[in-house]
Amino acid sequence: MNYQETCEYLFNQMPMFEKQGASGYKEGLSNTWALDDHFGHPHQQYATIHVGGTNGKGSVSHTLAAFLQECGYRVGLYTSPHLVDFRERIQVNGEMISEDYVVNFVKQERSFFEPLYPSFFEVTTALAFKYFADKKIDIAVIEVGEVGLGGRLDCTNIITPLVSVITNISFDHTQFLGDTLAKIASEKAGIIKKGVPAVIGESHEETRPVFEEKAKETGSNIIFADDESEILQATPLVSGKMHYVTRHWGELDGELGGIYQEKNLNTVFAVLKVLSDKGYLSACTTTNSQEQFKKELVNALGNISKLTGLTGRWQVVNTSPLTICDTGHNVGGWIYLSQQIAQVECDKRHIVFGMVDDKDIHQVMDLLPKDASFYFTQAATKRAVNGNVVKAIAAQHGLYGECYPTVVEAYRAAQEAAGMRDFIFIGGSSYLVGDFLKNCI
């Protein structure tokens, strides 16, 4: 098989939550342990950072990886889902895993893993962990998988990291994780390991006791990043970037746009403090090294996309008219997106929109701007809600527009209708943004 055929094999032969929804979700770690044993426990050959939570995992993971790269470490980064190319999920110092490595891994190992009937994510995680060992990395930033389900039973949860990170908790995947914030937090807290410090990016009166109890149970030091925020002020810039005033590091510009990045960056700062205490960033203990730390911080925050290939986070793809895409796909994400869309100065808003079938589409609809023109569509995934259904639901919420069979056609219609002082937004699901970036940019 060539690379394309290998990807099709992985996508079509392995149960895959991203593509199939609930039927593609496999609970339990038996396959993960079997694969890990087969490959000789590769994740034990390098340090790791484990990143979980409902929203912001990708941004936090990529930002941490960018900074560690700037500090001179050889950094592995494992995230999901990909937007355009499967290889986005697995990279070392910003370079994606090679097509040949993916092809050879499947060719050489399928006789072992096929009898296990593993999920797509189980195989992909084994591939990532082995690849990082073969590339002799220093440290890996590992995002929990299964598109937000990750926690107690996530197949990345066999690692013992330097620090466990939980960005935030909001309602998502309630059919698997529970119907209260406390139940969801309990599942997410499953990545907190015995004696391993834990950073909680955002706490809530329902979730904080859950994390405190888990930390007590595991003997872990727990840090709530929002108890003493490093970020004192955050301002969106016309360029799509963010400007920050910080407690200890002065003023900084962040390449990643979106007002939600304030919370993500505050979480990152708390993680960096833990890493510093563990000696990984010991250079920042003297005056000269603090200057170097600031330089590395500025370079990392200003070049995350270049350093790690991150896309789809309040990403400006055109300026006339202003055109932005974002992968925010649930209520927690849209609470922030709706605010920022409303703040954009323009003559008229055009929104290319679609969602997948396991999200609370009605609550998201309540957050969308009533004065926008909508271009309803669906991504090329079986989990996408048909555009006509989205249009009908939108009408119930006072939102109106036309329906288009593909993201490409919806975007082209928005382009034709928009004036130079208008604003086009593309979003609603990661898959829709992926289709957009793959076919329209």
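This note goes through the sheet, the helices packed on it, the nonpolar cores and some backbone details of a predicted model.

1. Basis. The model is predicted, with local features needing pLDDT of at least 70, side-chain atom pairs counting only at pLDDT 80 or more, and totals for chains, interfaces and linings using all residues. Residues are numbered from 1 along each chain as its sequence is written, and side-chain values use heavy atoms, with hydrogens and water left out.

2. The sheet. Eight strands make up an open sheet of mixed pairing, in the order E4-E3-E2-E5-E1-E6-E7-E8. Helices (H or I, at least four residues) and strands (E, at least two) are DSSP runs, numbered from the N terminus; two strands pair if DSSP finds at least two bridges between them. At the edges are strand E4 (95-96) and strand E8 (222-224), each of which pairs on one side only.

3. Strand E3 (residues 90-92) is antiparallel to E4, with two bridges between them. Gln91 has Met96 in E4 as its bridge partner. Asn93 counts as partly exposed because its relative accessibility is 33% (buried means under 20% relative accessible area, exposed over 50%, partly exposed in between, with a 1.4 Å probe and protein chains only).

4. Helices on the sheet. Helix H6 (residues 120-134) lies across strand E2 (75-78), E3, E4 and strand E5 (139-143), and runs at about 10° to E3. Helix H10 (residues 261-277) packs on the sheet as well, touching strand E1 (47-52), strand E6 (163-166), strand E7 (198-200) and E8, with its direction at about 170° to that of E6. Axes are lines fitted to C-alpha atoms, for helices over the stretch in contact, and angles run from 0 to 180 degrees between N-to-C directions.

5. Ala126. This residue sits in helix H6 and counts as buried, because its relative accessibility is 9%. Leaving out residues up to four places away in sequence, Ala126 touches Leu35, Phe39 and Phe105 (contact means heavy atoms within 4.5 Å). Asn31 is 95 residues from Ala126 along the chain, and their C-alpha atoms are 10.0 Å apart.

6. Nonpolar cores. A nonpolar core is a set of buried Ala, Val, Leu, Ile, Met, Phe, Trp, Tyr and Cys residues joined through side-chain atoms within 4.5 Å. The largest has 40 residues, and Ile49, Leu64, Val141, Leu272, Leu275 and Leu297 have the most contacts inside it. H10 supplies the largest share of this core, eight residues. Another core, apart from that one, has 37 residues, among them Tyr78, Tyr101, Val123 and Tyr131.

7. H16 and H17. Helix H16 (residues 407-417) packs against helix H17 (residues 430-440) at an angle of about 75°, and their axes are 9 Å apart. H16 is therefore roughly perpendicular to H17 (the term covers 65 to 115 degrees; under 35 counts as roughly parallel, over 145 as roughly antiparallel and the rest as oblique). Val407, Val408 and Tyr411 of H16 meet Leu432, Asp435, Phe436, Asn439 and Cys440 of H17.

8. Cis peptide bonds. Ser80 and Pro81 are joined by a cis peptide bond with omega about -5°, and Pro81 is in the loop between E2 and E3. The bond from Ser320 to Pro321 is also cis, with omega near 0°; Pro321 lies in the loop between strand E12 (315-319) and strand E13 (322-326).
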